[in-house]
Amino acid sequence: MKILHVVTLVTPDGELGGPLRVALIQLRELMRRGHEVLLVAGARGFEGELPREFHGVPVKLFPAVQVLPGAGFAGVSAPTMAPWLLANLSRFDAVHLHFARDLVLVPAAAAVLAARRKYVAQTHGMVVPNSKKSAKILDSVVVRRALSRADVVYALVETERAELLKVEPKAQVEVLPNGLDFDEPRPQANPAEKTDVLYLARLAPRKRPMDFVQAAKLLAADFPEWTFSLVGPDEGEVEAINRVLAADPALARRVRWEGPLAPDQTAGRMAQAGVYVLPAEREPFGMTIIEAQAVGLPVVMRSDCGIAPGIVNADAGVAYDGGAEELAAALRPLLSSPEARTSLGERAQQYVRSAFGVSSVVDRLERRYRS
């Protein structure tokens, strides 16, 4: 089959995060199965001509611009994409929208609807009820129609499924988790010998990187050998973090922001850490959590993360409720004990291999595409 996937944005450092990584993993597995694939997206940050391949996947990229300052990815537009889709959709047997309420995917969905093509949509927790006027306008014009007319809408977890049905009750929603390719070689962590706590995600308010910094402040005196590293693109939080660090030079020597990192380098960076932390609030899934588990890292997340209940039930990670103080309390036993880190990392790796393999995900995608 010829299979088309559409995502919002491709940048050299993969700043879109989970949706892009998920699309790349799915498409590489589809390629291994003999399918012809293409990833279509807006793009920025590349020097010279836009690439035709990204991390082993053929891509068709369109220049992206920030038309709504301060709106993050929701305000990015790729105005030449929709006309290309209208002219080229007939070339593909299956269309898969990694759908979001943004100015790239909404026009893309409108083009697919105008062409009367069947398609699947996968929302990655990005389409939830929203009372803002702009969201209501987009919902009434395209979003609800795109959800209701999709052959299927894939949600990551049951809570996201319920949220999608609030946006569009007529949508055919199924739960499809993310997956990892465990046949690909990846570095292995040795958490017993590492003394770095890692946050690897966008530095956006909902991800709560400031909780990470404040937890580091609470732990620094008792664990002088430990460092606390933030990795990811800034989405408005670095200035506030820098003010905290400027006021506390001792803390500034222990906490550092390393900037963004390309998707193919994240596993290597995770393997250099002793613990992985994602303090994000209401994280729909947590792709970086299962990536950290795959290299053998113990993970700490908030209880309202979409995959936290399964991880906790399997004794494969630590979850907490609250803010910086509760995060510090959750980290303290792990920082105190190399044995605890090793044991939890081993259970995490066993769990993620059993629960989140990409092969079963793509089996379902293939069946849906063929139908």
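Trainee: Which strand is Val-299 found in?
Mentor: Val-299 is found in strand 15, residues 299-302. Strands (E, at least two residues) and helices (H or I, at least four) are DSSP runs, numbered from the N terminus. One caution: this is a predicted model, where local features need pLDDT of at least 70, side-chain atom pairs count only at pLDDT 80 or more, and totals for chains, interfaces and linings use all residues. Residues are numbered from 1 along each chain as its sequence is written, and side-chain values use heavy atoms, with hydrogens and water left out.

Trainee: Is Val-299 buried or exposed?
Mentor: Val-299 counts as buried, because its relative accessibility is 0%. Buried means under 20% relative accessible area, exposed means over 50%, and partly exposed lies in between (1.4 Å probe, protein chains only).

Trainee: What is Val-299 in contact with?
Mentor: Leave aside neighbours within four places in sequence. Then Val-299 is in contact with residues including Tyr-276, Ile-289, Val-318 and Leu-344. Contact means heavy atoms within 4.5 Å.

Trainee: And how far apart are Val-299 and Gly-345?
Mentor: They are 46 residues apart in sequence and 7.7 Å apart in space, C-alpha to C-alpha.

Trainee: What's the order of the six strands in the open sheet?
Mentor: The order is 13-12-11-14-15-16, and the pairing is parallel. Two strands pair if DSSP finds at least two bridges between them.

Trainee: Which are the edge strands?
Mentor: Strand 13 (255-257) and strand 16 (318-320), each pairing on one side only.

Trainee: How many bridges join strand 11 to strand 12?
Mentor: Five, and the two strands run parallel. Tyr-199 stands opposite Leu-230 in strand 12. Helix 6 (residues 209-219) packs on the sheet, touching strand 11, strand 12, strand 13 and strand 14 (275-278). The direction of helix 6 makes about 170° with that of strand 12. Axes are lines fitted to C-alpha atoms, for helices over the stretch in contact, and angles run from 0 to 180 degrees between N-to-C directions.

Trainee: Switching to loops. Where is Asn-178?
Mentor: In the loop between strand 10 and strand 11 (196-200). Asn-178 is buried, because its relative accessible area is 4%. Not counting residues up to four places away in sequence, Asn-178 touches several residues, among them Val-22, His-124 and Phe-356.

Trainee: What about Arg-282, buried or exposed?
Mentor: Arg-282 is exposed, with a relative accessible area of 54%. The residue sits in the loop between strand 14 and helix 10 (287-294). Phi of Arg-282 is near 50°, a positive value in a residue other than glycine.

Trainee: And what is phi of Asp-315 near?
Mentor: Near 55°, again positive in a residue other than glycine. Asp-315 lies in the loop between helix 11 (308-313) and strand 16. Asp-315 is partly exposed, at 43% relative accessible area.
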